[in-house]
Amino acid sequence: MTRTVALVFLSLFACWAVSEAQLEPGICKFYEECGKNPLVNGSLFPSIIPCVDNNKARKLEGLHYMRLKKVCPMLDNGANNTYACCSLNQLASLENCLTLSKALLMRCPSCAENFAHLHCINTCSPDQSQTVNITRTTSVDVQNQTKEAVQAYQAYVSTRFAYGSFNSCRNVRIPATGGFAIATMCGPYGATLCTPQRWYDFQGDSSNGLAPLDIDFRLIPEGAPVPPGIVPYAGRVLGCNESSEAGGKPCSCQDCVQSCPVIPPPPLTGKPFMIGGTD
């Protein structure tokens with residue numbers, strides 16, 4: 001009896017240790033592509049979903065590293081010190097998906113980079129296990145092997161990052177129409193009723209014709225409780241009046257209020273003209 005209890009305790013301890021290890025820095029939640037999502041039809045892009053993977057982030061070299069540096073420059077730590085949780089195939093798919101958003105946001109490079117930033121983190125961050133929680137998977141056949149593929153996950157983001165990114169994009173206009181770009185990126189809410197949460201909800205909705213799977217974006221205020229091991233992503237957000245890390249110029253005054261010159265207040269007027277003590 002004592003031996004049985006000891007074995008059960010050791011088994012529970014092993015499971016706890018694995019669970020904790022999966023939420024450490026440098027651990028992935030998914031890696032490589034596992035084919036099309038059977039739940040998504042009619043998407044503008046192939047709805048390719050990743051394979052479940054709880055291994056360590058991979059060190060990137062050669063073409064793999066150069067592709068990450070191009071698509072997700074915010075994750076570049078140098079040729080000999082860059083790790084990521086995305087394959088070369090995933091980077092190619094991510095680049096294709098970001099093409100449309102860049103076309104809409106092209107007038108404001110820092111906004112476009114902020115938009116891509118979070119999707120790069122979700123897909124490629126070497127600390128993916130701390131910001132992503134998989135909520136739905138499906139079994140797929142990949143080269144005669146049965147693997148688990150990701151169909152939905154939660155993405156934990158600090159409200160500071162989410163609001164900063166949203167604010168950098170909210171006034172950007174589409175060159176062809178002159179309308180606000182965010183109006184087409186917020187579903188039924190348009191530009192007037194769009195909020196950071198609604199903006200991200202639309203991005204993570206697989207029925208929008210763009211997202212290959214469902215992403216439940218959790219915007220977390222500083223100090224708010226989160227599941228054990230989770231660290232909401234809180235990277236640096238570029239202001240729309242800043243140059244992008246890729247070399248893009250600050251956004252124009254038309255697309256960014258912060259870029260507009262400060263108008264000096266009108267000079268104070270003299271005393272009013274009076275007639276017999278009456279203004």
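Predicted model: local features only at pLDDT ≥ 70, side-chain atom pairs only at ≥ 80, totals over all residues.

Student: What about overall shape, what does the C-alpha trace span?
Tutor: Along its principal axes the trace covers about 110 × 45 × 40 Å. The radius of gyration of the chain is 24 Å, while a compact globule of 279 residues would be near 19 Å.

Student: Which contacts hold the bigger share, then, what percentage comes from residues 24 or more positions apart?
Tutor: Those make up 64% of the chain's contacts with a separation of 6 or more.

Student: Switching topic: what share of the residues is buried?
Tutor: Buried residues are 41% of the 279.

Student: And the accessible surface? How much of that belongs to carbon and sulfur atoms?
Tutor: Carbon and sulfur atoms hold 58% of an accessible surface of about 15400 Å².

Student: Where do the charges sit on average, how far apart are the mean positions?
Tutor: There are 21 positive and 21 negative charges, and their mean positions lie 3 Å apart.

Student: Last one: what domain does UniProt list?
Tutor: An unreviewed UniProt entry gives "Niemann-Pick C1 N-terminal" for residues 26–278. Over residues 26–278 the chain is 26% helix and 19% strand, with the end C-alpha atoms 78 Å apart.

Methods:
Residues numbered from 1 in each chain as written. Heavy atoms only, no water. Rg over C-alpha atoms; globule rule 2.2 N^0.38 Å. Buried < 20%, exposed > 50% of the residue type's maximum accessible area, 1.4 Å probe, protein only. Contact = heavy atoms within 4.5 Å. Areas by Shrake-Rupley, 256 points an atom, 1.4 Å probe, with all protein chains shown as cover. Lys, Arg positive; Asp, Glu negative; His and termini not counted. Charge placed at Lys NZ, Arg CZ, Asp CG, Glu CD. UniProt positions renumbered as here; feature names shortened; annotations may be inferred. Helix = DSSP H or I, 4+ residues; strand = E, 2+ residues; numbered from the N terminus.
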